[in-house]
Amino acid sequence: MARPFRFGVNLLALESAPAWREKCRRAERLGYDVLLVPDHLGMPAPFAALVAAAEATERPRLGTFVLNLGFWNPALLAREVATCDALTGGRLELGLGAGYVKAEHDSAGLPFGSPRERVDHLEHTVRELARLLTDPEQQPRPAQTPRPPLLLGGNGDRLLRVAARHAEIAAFTGAVQAPEGAPSPMKMITPEALDERVAAFRRFAAEADAGTGPRPEPPELNYLIQMVDTTGDRRVKARELQPYAPDVTEEQLLEHPALLLGAPKEMADQLRAHRERFGFSYFTVMEHHMETFAPVIEELRGS
């Protein structure tokens, strides 16, 4: 049986406290299930922003999407997580990532490290958070038991293995690190390559379950949509993504979950197809697509 859809919006800009609260209330009225905040320099500090979002809303879950772990020490992060979960009434979903923007680390005076070192730090942090947040002596205490749900984002084998062992939610970007000088730090992969990444995650999850016993329910799979547009010409919009997908053909872009185009009913059909093919049931859109995507939520509510 297909997992029910969930929809998140990644909130990127903080204009003022009243504007932030109203934006969060608007997202709740539009039907979003999760209000998310990323972790980039030049954007709102995630935990303070999520506490403010909780005070302005009642229903949505609240998540980091995703924390840039090069910025965080595990012990200090555990304190932030527990405090945020307590202040939001147990609505926190903790998203973690290894980091991919070297310029941000340089600006912060922090080491970027190799891909191996970044994943090593992520795995160490995941283990330390599990230890600290479940320690009965830990103060403050999170509201959720044993800890807030964990989302891990990435596509490489090592990170997918960590997600398969520890995460309730696995987030896929459908992208890999781009060569230096590319128009974006990440470049899209083909739908077929994304199929393979999802299959690898499922294999790693089965191996983890064989070692520790089956979990209460399989991990939820998340996907971040890059473009939402009501255009009638899907090919023109697909070509706009071509600089970010030099190895992906136009036909492959049109079947890629990064690209959501057409009328709301057409977009809803595309998401049903992506859930069937890839297993994605939790979709995230960017703040600037929040209004455009809202009718799709209505189309899929209860599906």
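## A guided look at a predicted chain

View 1. Along the principal axes, the C-alpha atoms fill a box of roughly 60 × 45 × 40 Å. This is a predicted model, in which local features need pLDDT of at least 70 and side-chain atom pairs count only at pLDDT 80 or more, while totals for chains, interfaces and linings use all residues. Residues are numbered from 1 along each chain as its sequence is written, and side-chain values use heavy atoms, with hydrogens and water left out.

**View 2. Helices H2 and H3 meet here.** The axes of H2 (residues 46–56) and H3 (residues 74–87) come within 9 Å and cross at roughly 5°. That makes H2 roughly parallel to H3, a label for angles under 35 degrees. Axes are lines fitted to C-alpha atoms, for helices over the stretch in contact, and angles run from 0 to 180 degrees between N-to-C directions. On the H2 side, the contact (heavy atoms within 4.5 Å) is made by Phe 47, Leu 50 and Val 51. H3 brings Leu 77, Glu 80, Val 81, Cys 84 and Leu 87. By class, this contact has seven nonpolar, no polar and one charged residues; Ala, Val, Leu, Ile, Met, Phe, Trp, Tyr, Cys and Pro count as nonpolar, Asp, Glu, Lys and Arg as charged, and the others, Gly among them, as polar.

**View 3. Next come helices H5 and H6.** The axes of H5 (residues 115–133) and H6 (residues 157–166) come within 10 Å and cross at roughly 10°. H5 and H6 are therefore roughly parallel to each other. Residues of H5 in the contact include Arg 116, Asp 120 and Glu 123, and those of H6 include Arg 158, Arg 165 and His 166. By class, the contact of H5 with H6 has five nonpolar, one polar and six charged residues.

**View 4. Finally, look at the buried residues of H6.** Leu 159, Leu 160, Val 162, Ala 163 and Ala 164 are the buried residues of H6, where buried means under 20% relative accessible area with a 1.4 Å probe, protein chains only. They pack against H5, strand S6 (150–153), strand S7 (169–172) and helix H7 (191–212).

Note on methods. Helix = DSSP H or I, 4+ residues; strand = E, 2+ residues; numbered from the N terminus. Parallel < 35°, antiparallel > 145°, perpendicular 65-115°, else oblique. Buried < 20%, exposed > 50% of the residue type's maximum accessible area, 1.4 Å probe, protein only.
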